[in-house]
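User: I have a chain open here and want to go through its fold with you. Can we start with how you count things?

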Amino acid sequence: MSGFLNRIKDKALNLSGIEDKASDALRRLIASEGGQTGIEHIMQQFDKAGLGDKARSWVGDGPRQPLSTEEIQRVLTSDQAKFIASCTGLPLAPLLPVIARLLPVIISKMARNHETTDEAVSEAVAELKAGSTPA
């Protein structure tokens, strides 16, 4: 039984590391595009990918619509994907589910609460780790 528990513990630690790496990469990506200006640029990318209504749910007064891994793949440019992979040292595939959960929260906090990139990313990670995704 201890081997089983050790594998679960190792998997949890690995997920925590991926969350931290993904959040740092998103922080750097948004900052490299100008913070709030970067958010506007990302919102335009969602519009181009046909996901503008979903992205606007994150900045409006209603509940945040979830983002899927496939949708985030459609939105990220190849340069952004390469940037995220280079920041983390990991392939993009294991990062995508984490990014899909973090990005709506980050955008929401920056747009609704006018938080800085650092504040929004830190709070998004805390929500993700707590298993909470409130509107």
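Analyst: Helices (H or I, at least four residues) and strands (E, at least two) are DSSP runs, numbered from the N terminus. The chain has seven helices and zero strands. This is a predicted model, where local features need pLDDT of at least 70, side-chain atom pairs count only at pLDDT 80 or more, and totals for chains, interfaces and linings use all residues. Residues are numbered from 1 along each chain as its sequence is written, and side-chain values use heavy atoms, with hydrogens and water left out.

User: How many of the residues count as buried, in percent?

Analyst: Of the 135 residues in the chain, 41% count as buried. Buried means under 20% relative accessible area, exposed over 50%, and partly exposed in between (1.4 Å probe, protein chains only).

User: Which residues have the most contacts inside the largest nonpolar core?

Analyst: Phe46, Ile72, Leu102 and Ile106 do, in a core of 36 residues. A nonpolar core is a set of buried Ala, Val, Leu, Ile, Met, Phe, Trp, Tyr and Cys residues joined through side-chain atoms within 4.5 Å.

User: Which helix gives the largest share of this core?

Analyst: H6, with eleven residues.

User: What is Ile106 in contact with?

Analyst: Leaving aside neighbours within four places in sequence, Ile106 is in contact with Leu26, Ile30, Ala120, Val121 and Ala124. Contact means heavy atoms within 4.5 Å.

User: Switching to the helix pair. At what angle do H6 and H7 pack?

Analyst: The angle is about 130°, and the axes are 8 Å apart. Axes are lines fitted to C-alpha atoms, for helices over the stretch in contact, and angles run from 0 to 180 degrees between N-to-C directions.

User: What does that make H6 and H7 to each other?

Analyst: H6 and H7 are therefore oblique to each other. Angles under 35 degrees count as roughly parallel, over 145 as roughly antiparallel, 65 to 115 as roughly perpendicular and the rest as oblique.

User: Which residues of H6 and H7 meet?

Analyst: Among them are Val98, Leu102, Val105 and Ile106 in H6, and Ala120, Val121, Ala124 and Leu128 in H7.

User: And where is His114?

Analyst: His114 is in the loop between helix H6 (92-112) and helix H7 (117-130). His114 has a positive phi of about 55°, although it is not a glycine.

User: Is His114 buried or exposed?

Analyst: Exposed, because its relative accessibility is 65%.
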